[in-house]
Amino acid sequence: MAEPSGRGELVRRGFLQPDKAQDHLEQLEGAQDWLDLVDAAADPDLALATIVALQAAAPTRLAELRATPGAAARLVAVAGGSQPLGQHLVRHPEDLAELLPTPRARSRQDLVDEVAEMVQGQGDPADLLRLANKRALVRIAARDLSHDHPHDVVGSIARELADLADAIMNGALQIARSQVPDHEHTRLAILAMGKCGAQELNYISDIDVVFVAEPADEQTTPEQAISIATKLASAAMRLCSTFTREGSIWEVDAALRPEGNAGQLVRTMAGMKSYYEKWASTWEFQAMLKARPMAGDLELGQEFCDMVAPMVWRVAEREGFMAQTQAMRKRVVSLIPAKETDREIKLGSGGLRDTEFTVQLLQLVHGKADDRLRLRGTLDTLRALSDATYIGRADAAEMGSAYRFQRLLEHRIQLFKLRRTHLLPSDPDELRTLARGVGLPSGDEVVTQFKASTRKVLRLHQRVFYSPLLETVASIDADAVRLTPEAARTRMSALGFADPDAAMRHIQALTSGVNRAANIQRQLMPAMLGWFAQAPKPDAGLLAFRRVSEALKDSPWYLRALRDEGQMASILAHILASSQYAVDLVKRNPESVQILASSADMQRPGIDRIRGSMGSVIARHDTEQEAINAVRGIRRRELFRVAVADLTDVADLAEVGYGLTDIASATVEAALQVARREVEGAPEVGVVAMGRWGGREMAYSSDCDAMFVIGDTDDPDALSKAGQVVARARKLLAAPGPDPALEIDVDLRPEGKGGPMVRTLSSYRAYYERWSDTWEAQALVRAGYGAGPESLVNALLESIDPIRYPEDGLSRKQFADIRKLKARMEAERMPRGVDPKRHLKLGPGGLSDIEWSIQLIQLHHAARVPGLRTTETLAALDAAREAELVTASQALALREAWLLASEIRNANMLSRAKASDVIPADSRERGNVCHLLARPPGTSSQLVDDWLKASRRASAVVEELFWGRG
């Protein structure tokens, strides 16, 4: 007998009870050899105690095991990893023979034969059935616990446990037949469901089953067959579930049968067919994904599976399928006790069930048209989904890895006490044992890795489970999903494509081939066609989609993002089929569609970020043309961002105006920076934003009205050099290019077109103090900071406040001058042949009427009403209402007309990529404008009526406020 190790060494080896371990070692033959093996066990104390008990119960068998290479290590693994299996070996040491050969997975038939032979032996058949189960579990656990890489055999272990369940159920049915008279007159099939059906069984789990029976001969009626089969089924369930002196096996649960626990335990095929055709719920078909024959009449069981399978693969087309499936998952999570939420491996968020539900949902949606997905096992199906491109390789690998890790935890926890549980232990000692069992250094590391795995699964689960693409494909008929030429042409005609033949060419170009890109396009296309058809221009949308896809064919992220990233595909379809303006921007820079992947990316980034991006690209380019091209590229991307936010209702009209203003300010500043590099010794130039730019109310078609200022200087060439910078910047931004040109209009400067382009600060001050006219005071009402040195621009703005906010308001002559100017402008600028009532800007009650009326109030009252000192039209209107300069009803009429006119103008530009201040006369174009304004289909005439009504009310107010005719 070897000298036992010291107490300190035993602690270092992982023993929690070193004194007791020392006592055990003193009793063992070959103590040091056992010690060297035991300290690798999940629970060294338990392993050592079990071996001591075995030495007392069966010393000869233990000695034989010690003499067999590898067998002792397998014993230690089982004894330290499962307390009940260790106790079983002590009571039945003959089963130590199972550990002598190197464990291998037994086939299902081998297990069935083994159990059948055992239950025919001497003794109580129920006890023999339990002993057969334990003997097989010892063998399976030895293979599992002694494997160097347990993650790798999780699937194999689960399959063998399911095969063992089949064998036990066959054995129970064999015993039941000996107890039930006339059993030969019925055919009984037992269908495995759930984890057992999927062959992903745990060590301890309820076995979900469904029973089907048929008469075995012509003399037996269906009712008689059902009666006999019910007795057989009940007996088999009891044999598995009840306790005997050898314990129990597992519960057999038949609650997944038609009508659940309230329904008949056994039904005939006819009864099953009738129920599933007429009454079955969505969740019942989802459960049938896992159904397979496990015991009894396997041929009858397969007939049942073949009968129900077509219904399973059409269930995703049911109305409300996605909502019901999502609600079912939420309900499961809501039932978890709060104190167990973070420890629930199976049902918790990001746990096993989330992976299973995600895989099943993808199966049900895509499997109706793709036979490759008609599998039962989660991991097998996950691989098939990845191979068929329904999920990305990296996502599938990540989810599969998390699933195997969580299943390993579940197996180890259940195996240790052979108890049905899915909770991560909270006790530190139990966590330590679990960590040793899965090869991790500590219990804390188990918790850390478990939480990391749930985060990964939850992220993928939520992305797939709530995918608009999946929801749309789910509702499409299987033939349409397969997208055969005939189905595609029929579907396109039904959806309203004007030229199905041209559309077919686009589809064939996108989906032909056997590579992953073509596979993903085939998945996307049925849904994309439906989304294109929701817009007035589906043909244009499909054509634009083809062009974008071809431009990005070598981008690894593009198709993957469309498939996986939330609403990206549906948003892209909506944009391409609705907005020529957005299409033009995307064609010029296809990479910008990345903005669609996240609602956060659609948000206005703010002027500082845009300035920073432009400043960075300027610094990286030496030549003027390269630098301005890069700046304009950023502007193009940001214009697309604003358009997307507008088209998806992420941004309202005010946000669109702010976004376009920020882009204009940053672009003008960047252009001046580029131009200034080319003019040696040029001073910094400040930019005063005027008009809609100054009011932060820019539309897609707005120019930049501006004035340019430099600081006072003694340099006689400063103004000339500044003028060169401004002229150069204007030319750079107005030049034709792949993005919309940006015109800088300088006609509102002092002296108009005849005045100098740039002035010094003191020159501006002198001019406005002495020479400014009434129209210039009105123009200055909307003067704000545009670009360049803020202190310089703000100094100029402060100096003009007395001009635009005169202390004594407007004189009678100034009122008359403003009214005369407006009347002349309307007469000169109204386009010929246009109905003034449909002109959004110059017509009665249009933008010009409203803005001039508000500016008149600002000029006359802003000196005494600080709230009127704003460049924003609606903010000034609100201030006027609060100061009771306009009534609430007047303010409402002006606001509604201004908003509607502004929204229609923007929608005109988005729709055709052409500026227009007129409501479209063409009903199709007007219909698209209505679509962009989120108005119901068929309301294009109502848009005209709504504008005429709003403009009439606004015009009546303008008559009172501006013309003084009230």
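A residue counts as buried when its relative accessible area is under 20%. In this predicted model, buried residues make up 56% of the 966 residues in the protein chain. The chain contains 45 helices and ten strands. Its radius of gyration is 40 Å, well over the 30 Å given by the globule rule for 966 residues, so the chain is more spread out than a compact globule.

**Overall dimensions and contacts**

- Taken along the principal axes, the C-alpha atoms of the protein chain fill a box of roughly 120 × 75 × 55 Å.
- The accessible surface of the protein chain amounts to about 40300 Å², and carbon and sulfur atoms contribute 48% of that surface.
- Of the contacts between residues at least 6 apart in sequence, 72% join residues at least 24 apart.

**Aromatic pairs**

- The count of aromatic pairs is eleven.
- Y764 and Y768 are separated by about one helical turn because they stand four residues apart in helix α37 (residues 761-770).
- Y768 has a relative accessibility of 4% and therefore counts as buried, and Y764 is likewise buried, with a relative accessible area of 1%.
- F962 and W963 form an edge-to-face pair, with 4.8 Å centre to centre and 85 degrees between the planes.
- F962 is buried at 0% relative accessibility, and W963 is also buried, with a relative accessible area of 18%.
- A single aromatic cluster is formed by Y275, Y276, F285 and F304.

**Charges over rings**

- R329 places its charged end over the ring of F357, 5.9 Å from the ring centre.
- R759 lies over the face of Y767, at 5.1 Å from the centre of that ring.

- G686 belongs to strand β6, which covers residues 686-690.
- The relative accessible area of G686 is 0%, so this glycine is buried.
- Leaving aside residues up to four places away in sequence, G686 touches M707, F708, V709, A787, G788, P789, L792 and V793.
- G686 and M707 are 21 residues apart along the chain, and their C-alpha atoms are separated by 8.3 Å.

Technical notes: Residues numbered from 1 in each chain as written. Predicted model: local features only at pLDDT ≥ 70, side-chain atom pairs only at ≥ 80, totals over all residues. Heavy atoms only, no water. Phe/Tyr/Trp six-rings, centres within 6.5 Å; stacked < 30°, edge-to-face > 60°. Helix = DSSP H or I, 4+ residues; strand = E, 2+ residues; numbered from the N terminus. Buried < 20%, exposed > 50% of the residue type's maximum accessible area, 1.4 Å probe, protein only. Lys NZ or Arg CZ within 6 Å of the ring centre and 35° of its normal. Contact = heavy atoms within 4.5 Å. Rg over C-alpha atoms; globule rule 2.2 N^0.38 Å. Areas by Shrake-Rupley, 256 points an atom, 1.4 Å probe, with all protein chains shown as cover.
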